[in-house]
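This report describes the packing, cross-links and surface of the structure shown below.

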Amino acid sequence: MRLLPLVLLLAVAGAFAQNHAEHEHHKMTVDKSGVVMNENTENLPRDCEKIEAEHEFEIFAGRKYANDIPGTIFGMSETDVTVAPCSRVTVKFVNEDQIRHQWMVHGLPKYLYPAGMFHIEAMGGQTMTGTFIVPGEDKNYLIHCDMAQHMEKGMRGQLVVGSGSGDLWSVPGVSDSFYRSSYLTTRVASFVALLAFVAAFAVTWACRIRS
Ligand SMILES: [Cu+2]
């Protein structure tokens with residue numbers, strides 16, 4: 001029994017070491033308000049000679065930003081963020097809900113951003129600010145919240161560098177409809193309505209001929 005404290009200590013140390021190993025390739029700032037991962041304030045992407053512009057955005061997250069968009073529960077005040085090539089982008093992410101939300105960008109160069117990702121996570125009611133530098137190429141990057149079901153329920157956007165590479169699908173307020181399935185359903189519904197109209201017309205016409 002005298003060994004028990006030692007065993008417990010080793011177990012805790014082991015868990016800590018493992019946790020640390022999983023995250024050591026990401027650069028993280030963590031405090032009680034949230035997390036900023038892979039922040040980059042000065043390392044230039046390979047296709048940039050200098051910082052060409054500075055951008056600052058204040059982006060709000062919360063249920064109330066989903067109000068105008070059918071089928072969504074969560075939202076962001078801006079789903080379409082446009083920046084200059086080789087610019088430094090600072091995002092102040094304000095979470096107005098009582099649950100955690102994230103502002104996560106994917107597809108950035110992996111030599112600067114482990115897993116190609118920059119991300120800000122704010123606890124409920126908290127604000128977190130983070131900075132990163134975008135490459136020079138015209139491209140659209142996916143922005144989303146990675147909490148379970150949040151992207152599906154509306155937390156999806158795009159970061160457009162320069163003239164971009166084409167709108168991503170299902171971006172609330174940008175691409176036509178949030179769900180591809182509901183887009184199809186709308187078309188099917190229109191088709192059925194049209195068929196019904198034609199059928200009614202044909203029947204009326206047929207009755208007239210008979211009388
Ligand atoms: Cu979220």
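## Nonpolar core

The largest nonpolar core has 30 residues, and the members that touch the most others are W103, V105, F118, F132 and L159. At least two residues of this core come from each of β3 (53-62), β5 (80-83), β6 (87-95), β7 (101-105), β8 (118-122), β9 (127-133), β10 (139-144) and β11 (156-161). The model is a predicted one.

Beyond its neighbours within four places in sequence, F118 is in contact with V36, M37, N38, E39, W103, M104, V105, L108, Y113, G130, T131 and F132. Three of these partners, W103, V105 and F132, are named with F118 among the residues that touch the most other core members.

G34 belongs to strand β2. With a relative accessibility of 2%, G34 counts as buried, because the limit for that class is under 20%. Not counting residues up to four places away in sequence, G34 touches T29, E121, A122, M123 and M128. The C-alpha atoms of G34 and H101 are separated by 9.3 Å, although these residues are 67 residues apart along the chain.

## Disulfide

One disulfide is present in the structure. The cysteines involved are C48 and C86, with 2.1 Å between their sulfur atoms. C48 lies in the loop between β2 (34-37) and β3, while C86 lies in the loop between β5 and β6, so the bond ties together parts that are 38 residues apart in sequence. The torsion about the S-S bond is about -90 degrees, and the disulfide is therefore left-handed. C48 counts as buried at 8% relative accessibility, and C86 counts as buried at 6%. Another cysteine, C145, is buried as well, with a relative accessibility of 1%.

## Salt bridges

The structure holds five salt bridges. Among them are the pairs tabulated here.

| Salt bridge | Closest N to O distance |
|---|---|
| K64 and E96 | 3.1 Å |
| R100 and E121 | 2.9 Å |

The salt bridge between K64 and E96 has its closest N and O atoms 3.1 Å apart. This pair links distant parts of the chain, with K64 in the loop between β3 and β4 (75-76) and E96 in the loop between β6 and β7, 32 residues apart. E96 is partly exposed, its relative accessible area being 33%.

R100 and E121 form a further salt bridge. R100 lies in the loop between β6 and β7 and E121 in strand β8, so this pair ties together parts that are 21 residues apart in sequence. R100 is partly exposed, with a relative accessible area of 36%, whereas E121 is buried, with a relative accessible area of 8%. E121 is also one of the residues touched by G34.

## Nonpolar surface patch

On the surface, F191, L194, L195, F197 and V198 form a nonpolar patch. Together, these residues have about 540 Å² of accessible area. One of them, L194, is found in helix α2, which covers residues 180-210.

How values were computed: Residues numbered from 1 in each chain as written. Predicted model: local features only at pLDDT ≥ 70, side-chain atom pairs only at ≥ 80, totals over all residues. Heavy atoms only, no water. Patch = residues over 30% accessible without salt bridge, like charges linked within 9 Å, V, L, I, M, F, W, Y side chains within 5 Å. Areas by Shrake-Rupley, 256 points an atom, 1.4 Å probe, with all protein chains shown as cover. Salt bridge = Lys/Arg side-chain N within 4 Å of Asp/Glu carboxyl O. Helix = DSSP H or I, 4+ residues; strand = E, 2+ residues; numbered from the N terminus. Core = buried A, V, L, I, M, F, W, Y, C linked by side-chain atoms within 4.5 Å. Buried < 20%, exposed > 50% of the residue type's maximum accessible area, 1.4 Å probe, protein only. Contact = heavy atoms within 4.5 Å. Disulfide = S-S within 2.5 Å.
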